[in-house]
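Hello,

Here is the structure we talked about. Please look through it first; my notes follow below.

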Amino acid sequence: MPMFCYQCQEALKNTGCDGAAGACGKTGHISAAMDQLISDVKEMAAAAKAARAVGVRDKEADRLLVDALFTTITNVSFDDLGVAALGDKVRAKARRLAATAGECVTAGPVGVMAEPDADIRSLKELITCGIKGMAAYYYHAAALNYHDQSLVDFMNDTLAELLHRPPLARFLDLAMETGRQAVAVMALLDKANTTTYGNPEITRINIGVRPAPGILISGHDLKDLQQLLEQTAGTGVDVYTHGEMLPAHCYPAFKMFPHLAGNYGNAWWLQPSEFESFNGPIIMTTNCLTPVRTSYARRLFTTGVVACPDVAHIPDNPRGGIKDFSSVISLAKTCPPPQAIETGHIVAGFGHHQILALADKILPAIKSGTIKRFVVMAGCDGRSPARNYYTQVARDLPRDVVILTAGCAKYRYNKLDLGDIGGIPRVLDAGQCNDSYSLALVALKLKEILGLSDINDLPISFDIAWYEQKAVTVLLALLYLGVKNIRLGPTLPAFLSVNVARTLTRQFGLLPIGDPSGDIAAMLN
Ligand code: FSO
Ligand code: SF4
């Protein structure tokens with residue numbers, strides 16, 4: 001079945017995946033089911049807006065909205081039947097809400113190419129991607145019982161508006177508003193994480209292995225990790241983090257578990273070989289899941305919105321309580337321990353609380369010029385060899401420059417020995433991509449302390465790597481905060497039309513990455 005999708009950085013030829021399957025492994029069938037689901041979600045959003053106008057709110061619709069949007073993010077679901085079933089639920093809910101409101105809400109067009117105007121299509125995709133990322137962040141906050149109805153209302157109202165064709169200028173406003181709401185949802189998630197698990201602290205994380213059998217947990221969901229750690233305590237099975245779960249080691253609540261053994265492996269795209277050599281069961285709590293190899297398929301478990309045919313799924317407890325990981329633990333006990341692929345440690349735990357606690361060291365270093373500049377190299381990693389750019393920039397930046405990072409982009413350089421500046425490591429890792437909020441907060445705080453009126457007067461450059469839609473959310477958040485001259489790579493999004501890209505360059509100075517030495521020179525100027 002032919003498809004068209006251009007929502008991630010690996011869109012074929014940086015144009016779009018339009019064959020029988022995408023570069024991520026998404027087939028035409030899954031793509032069609034996801035296009036239909038997004039259309040259904042917009043219909044439900046319009047119905048929910050109409051219902052709200054007559055005083056009716058529907059919690060189940062809110063939950064469906066968040067789950068459905070998250071499901072369509074790159075590398076979350078490879079289960080076309082599951083996506084279609086979710087679409088059925090969304091459509092049924094849309095009809096009930098519309099009937100309650102006494103409105104007739106019509107279905108929107110299906111698929112991005114249904115919009116004929118290239119610029120409107122581009123802006124619709126930019127906003128839709130931003131809202132998909134918002135939904136992912138909201139999903140994690142809600143898992144910890146942190147909610148904000150105004151964020152759900154924004155997602156609903158904006159998606160409902162995308163059913164129509166408001167003037168171009170309105171789309172630009174909506175993109176900025178999405179940035180504002182993106183800051184709010186990241187703040188909500190930060191509060192949920194730090195209130196539940198404590199403020200991340202500087203931590204040395206083992207990247208080697210121990211002799212006991214282990215379970216590898218990947219993705220971003222801290223609640224899943226918490227439940228797994230509680231259920232594995234005293235069983236003789238160790239727990240290792242993978243990919244974006246690495247920063248969990250820095251939360252006080254997780255440090256209390258002695259069987260949280262270390263971090264195994266690197267960024268998401270290296271999972272095929274790393275899952276093979278891990279030997280034990282693997283749990284994918286969120287993206288990024290890559291096409292599954294038979295060598296570890298029977299050891300792989302999905303949970304939450306992640307799904308893949310023929311891979312075991314750990315369901316939510318029907319009563320909303322604890323997930324049951326006993327089948328994973330039983331399997332782990334029969335598996336050999338993980339095979340070592342690395343040894344040593346990495347240092348992380350530089351969330352906003354920890355960085356601000358170091359202000360008495362960092363501020364004098366900035367004022368004396370010992371720290372000349374910060375370069376934010378947050379975001380995603382991916383398969384493209386062009387991403388070696390980030391390794392080279394990290395390696396070649398002068399030794400008086402500090403790198404601020406978050407997200408899986410850091411795996412391009414977090415194992416290099418880049419040294420420190422007077423005890424301050426040259427790579428300050430704030431956490432998951434979800435924790436990019438920390439970096440924005442640090443910048444705003446620095447601006448306040450240094451008495452600057454413009455965030456762009458700070459000695460900070462932004463050299464961001466993107467892959468999937470949460471990175472678009474972060475980008476919109478930074479643009480909303482007024483950050484100018486962001487470098488984005490390894491390519492600009494395929495969904496940016498020529499005119500929209502030009503507008504972003506004119507208004508915000510957004511530019512694609514160039515060659516490492518030229519970019520370093522430009523950033524230092
Ligand atoms: Fe990476 Fe994947 Fe965290 Fe993304 S694991 S790429 S932006 O899903 O979420 O940084
Ligand atoms: Fe292609 Fe990315 Fe869409 Fe997958 S998510 S089909 S790789 S554009």
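This is a predicted model: local features need pLDDT of at least 70, side-chain atom pairs count only at pLDDT 80 or more; totals for chains, interfaces and linings use all residues.

I started with strand β2. Both of its faces are covered. On one side sit G214, L216 and S218, all buried.

Next, the neighbours of β2. Strand β3 (residues 238-241) runs parallel to β2, and four bridges join the two. Within β3, T241 is the bridge partner of I217. To get from β2 to β3, the chain passes through helix α7 (residues 222-232). This β-α-β crossover is right-handed.

Strand β5 (residues 282-284) is also parallel to β2, with three bridges between them. Here I217 stands opposite I283.

Now the packing. In soluble globular proteins, nonpolar side chains tend to be buried together. The largest nonpolar core in this model has 171 residues. Those with the most contacts inside it are L69, M155, F254, I371, F374 and I486.

What does L69 touch, leaving aside its neighbours within four places in sequence? L69 is in contact with I38, V41, I131, K132, A135, M155 and L159. M155 is itself on the list of residues with the most contacts in the core.

Another core, of 17 residues, lies apart from the largest one. Among its members are Y389, A409, V427 and A465.

Best regards

Technical notes. Residues are numbered from 1 along each chain as its sequence is written. Chains are lettered from A and ligands numbered from 1 in the order in which they are written. Side-chain values use heavy atoms; hydrogens and water are left out. A nonpolar core is a set of buried Ala, Val, Leu, Ile, Met, Phe, Trp, Tyr and Cys residues joined through side-chain atoms within 4.5 Å. Buried means under 20% relative accessible area, exposed over 50%, partly exposed in between (1.4 Å probe, protein chains only). Contact means heavy atoms within 4.5 Å. Two strands pair if DSSP finds at least two bridges between them. A crossover is right-handed if, with the strands pointing away from the viewer, the path from the first strand over the helix to the second runs clockwise.
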